[in-house]
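Subject: Structure handover

Hello,

The sequence and structure are below, with my notes after them. Please read the two together.

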Amino acid sequence: MANHDIRSPLPGTFYRKPAPDQPTFKSEGDAVAKGDVIGLIEVMKSFHEITSDADGTVSAFAVDNEEPVMAGQVLVTLET
Amino acid sequence: MPVKVITAGLATTIQDLGRPGYYHLGIPVSGAMDRLALRAANLLVGNPEDAAGLEAVFMGPELEFTEDAIVAVTGADLPPKVDGEPQAGWTSFPVKSGQVLSFDFLRAGARALIAISGGIATTPSLGSRSTYAIGALGGVDGRAIQAGDELPLGDSAGAVAGRSVPELLRRGPGSAPELRVLPGLYRHRITDAAAEQFFADSWKVASEADRMGYRFQGGQALEFVDREPPFGAGSDPSNITDACYPYGSIQVPSGTEPIVLHRDAVSGGGYFMLGTVISADMDLIGQLQPNTQTRFVKTDMNGALAARRDRAANLDAIRSALA
């Protein structure tokens, strides 16, 4: 088993849900396929979907919901 | 067509130094958010300072070149790569026909200016190639670049790789940037205590920050002076009878979150303005990321003009270094 980090391409605010009243995109232990949405980054008045660039299983979220992030910061670690 | 857009980045736009002269008709100047960075990038690749380049915000595009060119990337620290090989910022480097220019993750600042020898040669609108997306002017069909676009280049004037702007002449955002403000024109609408508090508070760049304006959060709400609303003004204490909005003017709707208007500004409206960020610090705003803590610092006209001279001297020094 190897670890794979998904990094934010953008600085902004990270959201784990598509909307406040909906469930999270992914939780720890969930299977993730390449291209799956794992969260949103809000910046410049719009929301950008962050997709996985690998197949695997979520081992940990490195950033909480609504937390500010920098470009290049690790959002999620996958076990691949 | 010399440059093919493989991926466009977030909101990568063609910008030159803008289209002055139409603001009274509601068309803003537009142009590079960081004008010094665009001028420097153009000088590095042998272009006129006002040639059109690309402004990439937060993330870079991927561009495939179909002819040899010289490229320079200035402004934000968004490390360029040619076929995956890292290249230095503020330095001209060659991109051969068939090679791909891409970018690593943003390290500092917000907007990288990408100049290509010959300049981007799209059709100008109202004398400029700058993209004003809301007005569908300039750029590629009035919009940001997108995957599949092909960007024409002008004739290169004989660019050389390996030229570099000396580090002391580059300006990025400091760790706690300060924006200098000339108070007025509606400063009288808030109390003296509120004005002092505004300059004492720390303000964080909000996510609502783009080419039109930058919103800030986190300071205390402003206290207004009581009044009867004048004819034409709304009942909110931050309303005025509609007036012209200068570039850099700071409006504070309902007194809570200041907005500094930038290159794609609206030209007028009904919010009071407590002051104007001086022209010398407008480039710096264009390099602020969301969540950056900033302060507004009061200056006066002499201070603003001295700062403008400093910026002009900085540009002259870059010109001399690259001459």
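**Notes on the model**

Strand β2 (residues 12-15) of chain A pairs with β7(A) in the antiparallel sense, over three bridges. Two strands count as paired if DSSP finds at least two bridges between them, and strands (E, at least two residues) and helices (H or I, at least four) are DSSP runs numbered from the N terminus. Within this pairing, A:Gly12 has A:Val69 in β7(A) as its bridge partner.

This is a predicted model, in which local features need pLDDT of at least 70, side-chain atom pairs count only at pLDDT 80 or more, and totals for chains, interfaces and linings use all residues. Residues are numbered from 1 along each chain as its sequence is written, while chains are lettered from A and ligands numbered from 1 in the order in which they are written.

On confidence, the predictor gives the complex an ipTM of 0.84 and a pTM of 0.94. Chain B has a mean pLDDT of 95, with 98% of its residues at 70 or more; pLDDT is the predictor's confidence in each residue, from 0 to 100.

**Chain A sheet**

The β2-β7 pair of chain A belongs to an open sheet of four strands in the order β5-β4-β2-β7, with antiparallel pairing. β5 (46-51) and β7 (67-69) of chain A are at the edges with a single partner strand each, so one side of each has no neighbour in the sheet. From one strand to the next the twist averages 40° (axes are lines fitted to C-alpha atoms, for helices over the stretch in contact, and angles run from 0 to 180 degrees between N-to-C directions).

**Chain B overall**

Chain B contains four helices and 20 strands. Its radius of gyration, 20 Å, is close to the 20 Å that the globule rule gives for 323 residues, so chain B is as compact as a globular protein of that length. The radius is taken over C-alpha atoms, and the rule is 2.2 Å times the number of residues to the power 0.38. Along the principal axes, the C-alpha trace of chain B spans about 65 × 40 × 30 Å.

The domain assignment of chain B gives domain 1 (3-168) and domain 2 (178-313); such bounds come from an automatic or database assignment. In chain B, 19 residues of domain 1 are in contact with twelve residues of domain 2, contact meaning C-beta atoms, placed from the backbone, within 7 Å. On the domain 1 side, α1 (35-44), β5 (69-77) and β10 (108-116) of chain B each give two or more residues.

**Barrel and local geometry in chain B**

Seven strands of chain B close into a barrel, in the order β12-β19-β16-β17-β14-β13-β20, with mixed pairing. Strands β12 (residues 178-183) and β19 (residues 273-277) of chain B run antiparallel and are joined by three bridges, and B:Leu182 stands opposite B:Thr276 in β19(B). Helix α2 (residues 192-200) of chain B lies across β19 and β20 (293-298), at about 130° to β20(B).

Two backbone details may be worth a look. The peptide bond from B:Gly184 to B:Leu185 is cis, with omega near -10°, and B:Leu185 lies in the loop between β12 and α2 of chain B. B:Ser254 is not a glycine but has a positive phi of about 60°.

**Chain contact**

Between the chains, 13 residues of chain B are in contact with 13 residues of chain A.

Regards

Note on methods:
Two residues are in contact if their C-beta atoms, placed from the backbone, lie within 7 Å.
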